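Here is a friendly briefing to read with the structure open beside you.

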Amino acid sequence: DGLFVAAVLVYVENRALFHACGADAVITADLVANRMAAQCCVNLHIVDFVLDALTYDNASELYSTRVKRIGRSSRGLRSWGSKLSLRRTAGDEVPPLIGKTLPQVRSIFAEEGVNVVAAARSRRHAEVLIDDVFDDGQYLFHQDSEAASETLTDGHVHLVFADDHRDVHDAARRLEPQTVNTIEEGVIDRVSRAFEPIPRKILLVGDWGRCCAVKEMLASIPWCTTTILTEIIPDQSGVPDGCVVGDISNEGAWHRAGLAEVDQVTILTQSGETTKEGQVRDEHGEVDARAIFAARFARSFCLSAGRGVGQPRPMPVIAAEMLGHRSRPLFADAGIDVIIPSSLLVERMLTKLVYSKGSVCRFLMALLAFDDNRHIMTINLSAAKHEALLDKTFEQLMSILPIDTQLLGILPADPALREKLRNSVADFDYHILTAPLNSNKLGYRSREGDELLVIVDRRER
């Protein structure tokens, strides 16, 4: 009947009821909050990337299109103008991308400014809950060994970044790339050796249940060590290893938790307060105030421990969850470096379902997962480690990354470029360069200090 029903699951115990009522897609709010909080411990601008992908605006969009629709005129494409109607030979019933490998498709579209992120297989019996991981065989990536030989079929869906839909359909006018990026011998080998992650020590602060859920996700990241600071452990006779129980306002508790050595402090809200709407409406201010006070305590105690501006050691990154949409200026004033707007993320996922019918949200949730050995990593370019990646365009970076690494987006270090990418609405900080076209418009070439957001396949590492 064409009707698509989407909903947000607040109480996990109601999961069976959502199946029974016939919902087509269900977003579990707690899962979104936990995965995003865990990702922020290893990728500082992941919030910008995800919100940019979920927001309908003038920046690049993440959207899905079926392979069989690319290069064909249809009712669904007419609204974008007659320019999109491609010439077809009489009797030609095979979509032009069918039978091509994913690397071929990525090369074709890259020349037109489009970053093809992955191919996804259609779901014949789709699960209602949007809680995907990559290891379910649903997605085909450029870094997969099978991607070089497996060809696309009618059942695949492309997930692409582009400035608008015209880029995708204009790219389909040419079925073979006209130019080939030449890569000097040995560059890819040198790049591969430079992509080893940097160890990080994380301190999770807040509700015991939330901290445990995020810590469990981070356990699959071998270069992360995690400690918990919480005020109470319910129904627990002893204190587990890697956990400190103490008042958030007590400096001694912070130091016992290793504040002097951590690279990042992540402050989490109490269980349920990110999802239970009745409470959230009444307690946004109270919950956000607790996070702000915790951040101020962390900064104050770091200064007393000799960390911060003018001190022997730098201040750790402070990240905190935020519920109220209007609390952002207060979080910034408190010196919080990474603001995690949990309720806003859930809302934007729900609105993205209007057009994507779950395909984009499923892909984003799989990106945020940790238990599939495909991880999002942030690479901070340096002259010492990444010389082969400097002074490159977005398209060139796509070509020379290691086979197990795929470029998702870039946040430039150049202050002028970064300012052009600043989000004017201010519900997140920066738009991310996610495709060659918008990068070329800004004259982007990679330089030291740029942050590359990549998918890394660590199954063979």
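A residue counts as buried here when its relative accessible area is under 20%. By that cut-off, 53% of the 461 residues of the protein chain are buried. Please keep in mind that this is a predicted model.

**The chain as a whole**

- The protein chain holds 15 helices and 15 strands.
- Among contacts in the protein chain with a separation of 6 or more, 73% are between residues 24 or more positions apart.

**Helix H3 and its partner H2**

- Helix H2 spans residues 29-40, and its axis comes within 9 Å of that of H3, crossing at roughly 135°.
- On the H2 side, the contact is made by Met36, Gln39 and Cys40, and on the H3 side by Ile46, Val47 and Val50.
- Sorted by class, this contact of H2 with H3 has five nonpolar residues, one polar residue and no charged residues.

**Helix H3 and its partner H11**

- H3 also meets helix H11 (residues 342-356): their axes come within 9 Å and cross at roughly 30°.
- Because angles under 35 degrees count as roughly parallel, H3 and H11 are described as roughly parallel to each other.
- The crossing of H3 and H11 is left-handed.
- H3 brings Val50, Leu51, Ala53 and Leu54 to this contact, while H11 brings Leu344, Leu345, Arg348, Met349, Thr351 and Lys352.
- The contact of H3 with H11 comprises seven nonpolar, one polar and two charged residues.

- Val47 lies in helix H3, which covers residues 46-54.
- Is Val47 buried or exposed? Its relative accessibility is 5%, so Val47 counts as buried.
- Beyond its neighbours within four places in sequence, Val47 is in contact with Met36, Cys40, Ile339, Ile340 and Pro341.
- Met36 is eleven residues from Val47 along the chain, and their C-alpha atoms are 7.5 Å apart.
- Ile46, again leaving aside neighbours within four places in sequence, is in contact with Met36, Gln39, Cys40, Leu368, Ile376 and Leu453.

**Nonpolar cores**

- In soluble globular proteins, nonpolar side chains tend to be buried together.
- Which residues have the most contacts inside the largest nonpolar core? They are Met36, Ile46, Phe49, Phe363, Leu364 and Leu367, in a core of 47 residues.
- Helix H12 (residues 359-368) supplies the largest share of this core, with eight residues.
- A second, separate core has 39 residues, including Cys224, Ile233, Met377 and Leu407.

**A buried glutamine in a strand**

- Gln406 sits in strand E14, residues 405-411.
- With 1% relative accessibility, Gln406 counts as buried.
- Gln406 and Leu453 are 47 residues apart in sequence, yet their C-alpha atoms are 8.7 Å apart in space.

**Positive phi angles in loops**

- Most residues other than glycine have a negative phi.
- Asp391 is not a glycine, but has a positive phi of about 60°.
- The loop that holds Asp391 runs between strand E13 (374-380) and helix H13 (394-400), and Asp391 has a relative accessible area of 49%, so it is partly exposed.
- Ala426, also not a glycine, has a positive phi of about 70°.
- Ala426 is in the loop between helix H14 (415-420) and helix H15 (436-441), and counts as partly exposed at 41% relative accessibility.

Conventions. Residues numbered from 1 in each chain as written. Predicted model: local features only at pLDDT ≥ 70, side-chain atom pairs only at ≥ 80, totals over all residues. Heavy atoms only, no water. Helix = DSSP H or I, 4+ residues; strand = E, 2+ residues; numbered from the N terminus. Buried < 20%, exposed > 50% of the residue type's maximum accessible area, 1.4 Å probe, protein only. Contact = heavy atoms within 4.5 Å. Axes fitted to C-alpha atoms, helices over the stretch in contact; angles between N-to-C directions. Parallel < 35°, antiparallel > 145°, perpendicular 65-115°, else oblique. Left-handed = near helix turned anticlockwise from the far one by under 90°. Nonpolar A, V, L, I, M, F, W, Y, C, P; charged D, E, K, R; others polar. Core = buried A, V, L, I, M, F, W, Y, C linked by side-chain atoms within 4.5 Å.
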